[in-house]
Amino acid sequence: MLMNDKLQQLGELGLGSRLNRLSDYIMKEIQIVYDAKEIDFDPYLFPIFKIIIDNQHATTTEIQEKLQYTQPAITQALKKLINKGFIRYTIDKDDKRKKLFQLTKKGVETHHRMIPLWEVIDKQVKWLTEGSASSLTRHLTHLENQLREKSLSQRILDNLE
C-alpha cells in the first residue's frame, strides 16, 4: 500500500470513493484506447450501445430495466449516440408512444471495429481482477497497485498489437 494514498488508508470507509476513483480511471483509460485506434466513442455509452446491439433494438424502458439507470441518464446517452450517428429510432407500429432504438450503418461499422478491442479489454480486466484476497478492500489495493505499475490502456494496446 502506498502510504500517501489517503483513500487506501481509510480502509472500508473509503470504499465508495475508491470504487468511484477506479471507475473514473477505467473510463479514462478506455477512452485512451479508443482514441489510439481512432474510434470516436465515449466509454460511458457502452452499456446502452451494447444492449441495443444485443437486442437488435431496444426501448428506453427495456434499457432502464436491464441497467437500472435513471430515465434522464438513458435519454442523455441515447441523444449522444444519435448525435454521433451510431443509432436511430423508429416509432413502434403497435404503440406509437414507444421509440425503438437500433444501430445505424455507422453504428454497425463502429461495433465491428470495437469487437477486437472489447475482447482484449475483457481479458485484461479479468486478469487484473482475478485473485483471492480476503476482503474487497485488499483486492482493490492489489488492483490499484497493478494499475500503478502499468496502465490499463497500455496493457490493452500492448495486447492488441
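Aspartate 158 counts as partly exposed, because its relative accessibility is 37%, where partly exposed lies between buried (under 20% relative accessible area) and exposed (over 50%), judged with a 1.4 Å probe and protein chains only. The side chain of aspartate 158 meets that of lysine 150 in a salt bridge, at 2.7 Å from N to O; a salt bridge here is a side-chain nitrogen of Lys or Arg within 4 Å of a carboxyl oxygen of Asp or Glu. Lysine 150 also counts as partly exposed, at 33% relative accessibility. The model is predicted, so local features need pLDDT of at least 70 and side-chain atom pairs count only at pLDDT 80 or more, while totals for chains, interfaces and linings use all residues. Residues are numbered from 1 along each chain as its sequence is written, and side-chain values use heavy atoms, with hydrogens and water left out.

The protein chain contains 8 helices and 2 strands, taken as DSSP runs numbered from the N terminus, with H or I of at least four residues for helices and E of at least two for strands. Read from the N terminus, the order is α-α-α-α-α-β-β-α-α-α. The C-alpha trace spans about 60 × 40 × 25 Å along its principal axes. Of the 161 residues in the protein chain, 39% are buried. Contacts, meaning heavy atoms within 4.5 Å, also describe the fold: among those between residues at least 6 apart in sequence, 56% join residues at least 24 apart.

The surface comes next. The accessible surface of the protein chain comes to about 10000 Å², with 53% of it belonging to carbon and sulfur atoms; such areas come from the Shrake-Rupley method with a 1.4 Å probe, and for residues only the protein chains shown count as cover. A nonpolar patch on the surface is formed by Ile82, Tyr89 and Ile91, which together have about 250 Å² of accessible area. Patches are made of residues with over 30% relative accessible area and no salt bridge, with nonpolar side chains (Val, Leu, Ile, Met, Phe, Trp, Tyr) joined within 5 Å and like charges within 9 Å.

Charged side chains can be followed in the same way. The protein chain carries 25 positive and 22 negative side chains, and the centres of the two sets lie 3 Å apart. In this count Lys and Arg are positive and Asp and Glu negative, with His and the chain ends not counted, and each charge is placed at NZ of Lys, CZ of Arg, CG of Asp or CD of Glu. Side chains of opposite charge can pair when their charged atoms come close. The count of salt bridges comes to 11. Asp5, Arg18, Arg21, Glu144 and Arg148 are linked in a network of salt bridges. In another pairing, aspartate 95 and arginine 97 meet at 3.0 Å from N to O; aspartate 95 is buried, with a relative accessible area of 18%, whereas arginine 97 is exposed, at 75%.

Helix α3 brings several of these themes together. Aspartate 54 and lysine 50 both lie in this helix (residues 46–55), 4 residues apart, about one turn of the helix, and their side chains meet in a salt bridge of 2.7 Å, N to O. Aspartate 54 is partly exposed, with a relative accessible area of 45%, and lysine 50 is partly exposed at 26%. The buried residues of α3 are Pro47, Ile48, Phe49, Ile51, Ile52 and Ile53. Their cover includes α4 (60–67), α5 (71–83), β1, β2 (99–103) and α6 (105–129). Glutamine 56, with a positive phi near 65°, follows α3.

Glutamate 38, in the loop between α2 (15–36) and α3, has a positive phi of about 55° although it is not a glycine, and counts as exposed at 69% relative accessibility. Glutamine 68, found in the loop between α4 and α5, has a positive phi of about 60°, again without being a glycine; glutamine 68 is exposed, with a relative accessible area of 65%.
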